[in-house]
Amino acid sequence: MDPASLAREIERLRRKWASVVRGEQESFEVPVRWTLSGAMLRWHVAFEDVIEPDIDVEILPQVLVIRGRPATRGASIQHALLPIPPGFDGERPRIRCEAGYLEICLHRLLSEDGA
Amino acid sequence: MRSYYDILGVSAEATADEIKRAYRRQAVKVHPDKNPGDAQAEERFKELSQAYEVLSNPEQRREYDAALHGGHPEPDVRETAWSVEDFMRRYGDLFSGDFGASYHRRRSPGRPGSDVEATLRVDFRTAALGGKVQVAIKGEAPCPSCGGGGADAHARPCSQCGGTGRVTQRSSEQGQLFTVTRPCPACGGNGQDVASRCRNCGGRGTVIKEQKIAVAVPEGTDDGATLRLRGLGGAGLAGGRPGDLIIHVRVDPDRHFRREGERIHSDVRIPLTTAVLGGKVALRTLRGEASLTIPPGTSSGARLRLKGQGVRGGDHVVHVHIQVPAKLTGRQRELYEELARLEG
């Protein structure tokens with residue numbers, strides 16, 4: 001899947017699963033970006049004022065929902081909806097968190113012949 | 001005896017925010033939800049919580065600091081009636097988000113259905129004036145057998161997830177602390193024991209069904225417009241709310257009309273004589289046939305306006321084209337020649 005088709009697919013999945021986060025109360029969606037390098041799709045979520053234990057990653061079919069509660073009392077919960085395009089392994093994401101910056105890597109699923 | 005500052009791993013000058021963070025960071029590791037049956041973890045959790053209870057309260061912290069420096073006897077918080085449950089009732093908000101379930105409790109039960117997208121072709125007139133269009137959508141609908149619950153009459157909750165359909169664990173990768181919630185591997189996320197799943201839908205709670213929906217197309221709908229029909233998308237799982245049906249409207253072009261916002265344009269061909277002498281011609285409008293008055297001396301390319309006959313009170317603009325006869329009868333030729341002589 002080339003980056004242009006991947007972008008279209010990600011947008012389609014975002015629209016399809018927007019209902020998952022539509023009902024989130026007192027929260028707002030943070031901007032996310034993604035990069036594709038080789039067989040890995042990397043999502044980058046920048047949480048403001050959110051410390052690591054306050055990050056919750058929910059794995060759902062076709063999407064990952066990330067929620068973060070800022071340390072500041074009274075601040076709104078931040079969330080992000082990250083589509084899992086077909087061909088990528090959403091069950092075993094590699095997640096790295098550094099100072100409120102979350103990186104989630106999805107590996108491309110390999111077929112039996114390794115392609 | 002270790003001081004409360006030592007227990008939380010902060011200095012005696014730590015701010016309230018530093019104390020809170022330190023407590024949360026350590027408490028999530030030993031929380032009883034994460035360490036069921038681990039007496040040592042529970043003891044450590046109590047210890048952390050007692051320290052936090054005192055240090056997070058400015059008045060108690062002042063007293064404690066004074067006692068620590070020999071001013072007053074150390075307050076014995078251990079003597080107060082205290083339990084994990086009590087503590088969670090008082091300080092539960094601190095843990096919102098630390099443990100996956102706390103987020104999920106606030107959300108509606110079940111999993112919301114997905115939004116379903118469809119393209120709807122609408123004829124020009126319906127898009128302009130509004131109307132209802134039938135559309136057949138194939139998608140998930142609640143299972144008629146189990147009512148969407150996914151379980152038979154003797155439903156038992158999944159023993160691994162306790163019926164929530166989700167399992168939550170602290171990430172063990174690289175010693176990081178965030179929470180990962182995933183569908184329960186035992187029940188696949190529907191929360192039901194495999195043996196008590198609805199036989200009709202296999203426990204999903206939904207079946208694929210074709211639904212016919214009458215979509216109300218609003219007056220003046222543009223090509224490319226999107227309509228959102230709430231609750232008509234994919235069925236939610238385990239009582240979750242349904243998603244929306246998102247319809248992308250494609251408006252078919254019309255051979256008679258063109259649209260420009262609220263204005264409608266069309267063409268009318270009139271005989272040369274009507275253009276010169278004036279008269280009436282039949283005209284097709286969005287709302288049916290009408291009679292158009294052509295003023296005498298109308299030129300080709302003239303625009304005549306029918307007020308309020310466009311979209312949402314806009315005008316219908318008629319572009320006049322004069323039809324010059326390609327063939328003339330003998331008598332017509334005579335008359336045109338006479339006209340030419342008169343014009344000199």
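**Reading a two-chain model**

Modeller: In chain B, buried residues make up 28% of the 344 residues. Keep in mind that this is a predicted model.

Biologist: How many helices and strands does chain B have?

Modeller: Chain B has nine helices and 13 strands. Contacts can also be sorted by how far apart the partners are in sequence. Taking the contacts in chain B between residues at least 6 apart in sequence, 63% join residues at least 24 apart.

Biologist: Let us turn to chain A. How are strands held together in a sheet?

Modeller: Strands of a sheet pair through backbone hydrogen bonds, and the pairing is either parallel or antiparallel. In chain A, four strands form an open sheet in the order 2-3-8-7, with antiparallel pairing.

Biologist: Which strands stand at the edges?

Modeller: Strand 2 (32–37) and strand 7 (94–98) of chain A do. Each has a single partner strand, so one side of each is left without a neighbour in the sheet. On average, neighbouring strands of this sheet are turned by 20 degrees against each other, direction ignored.

Biologist: How many bridges join strand 7 to strand 8 of chain A?

Modeller: Five bridges join these antiparallel strands. In one pairing, C97(A) has L102(A) of strand 8 as its bridge partner.

Biologist: What else is L102(A) in contact with?

Modeller: Leaving aside neighbours within four places in sequence, the contacts of L102(A) include V45(A), F47(A), I55(A), I66(A) and I95(A), as well as C97(A). L102(A) is also among the residues with the most contacts inside the largest nonpolar core, which has 25 residues.

Biologist: Where do strands of the two chains meet?

Modeller: Strand 4 of chain A and strand 4 of chain B run parallel and are joined by three bridges. There, V57(A) stands opposite V180(B).

Biologist: How many residues does the contact take from each chain?

Modeller: It takes 33 residues from chain B and 23 residues from chain A. On the side of chain B that touches chain A, helix 2 (16–30), helix 6 (100–106) and strand 4 (179–183) of chain B each give two or more residues. By class, that side has eight nonpolar, twelve polar and 13 charged residues.

Note on methods:
Residues are numbered from 1 along each chain as its sequence is written. Chains are lettered from A and ligands numbered from 1 in the order in which they are written. This is a predicted model: local features need pLDDT of at least 70, side-chain atom pairs count only at pLDDT 80 or more; totals for chains, interfaces and linings use all residues. A nonpolar core is a set of buried Ala, Val, Leu, Ile, Met, Phe, Trp, Tyr and Cys residues joined through C-beta atoms within 7 Å. A residue is buried if 20 or more other C-beta atoms lie within 10 Å of its own, exposed if 12 or fewer, and partly exposed in between; C-beta atoms are placed from the backbone. Two residues are in contact if their C-beta atoms, placed from the backbone, lie within 7 Å. Two strands pair if DSSP finds at least two bridges between them. Axes are lines fitted to C-alpha atoms, for helices over the stretch in contact, and angles run from 0 to 180 degrees between N-to-C directions. Ala, Val, Leu, Ile, Met, Phe, Trp, Tyr, Cys and Pro count as nonpolar, Asp, Glu, Lys and Arg as charged, and the others, Gly among them, as polar.
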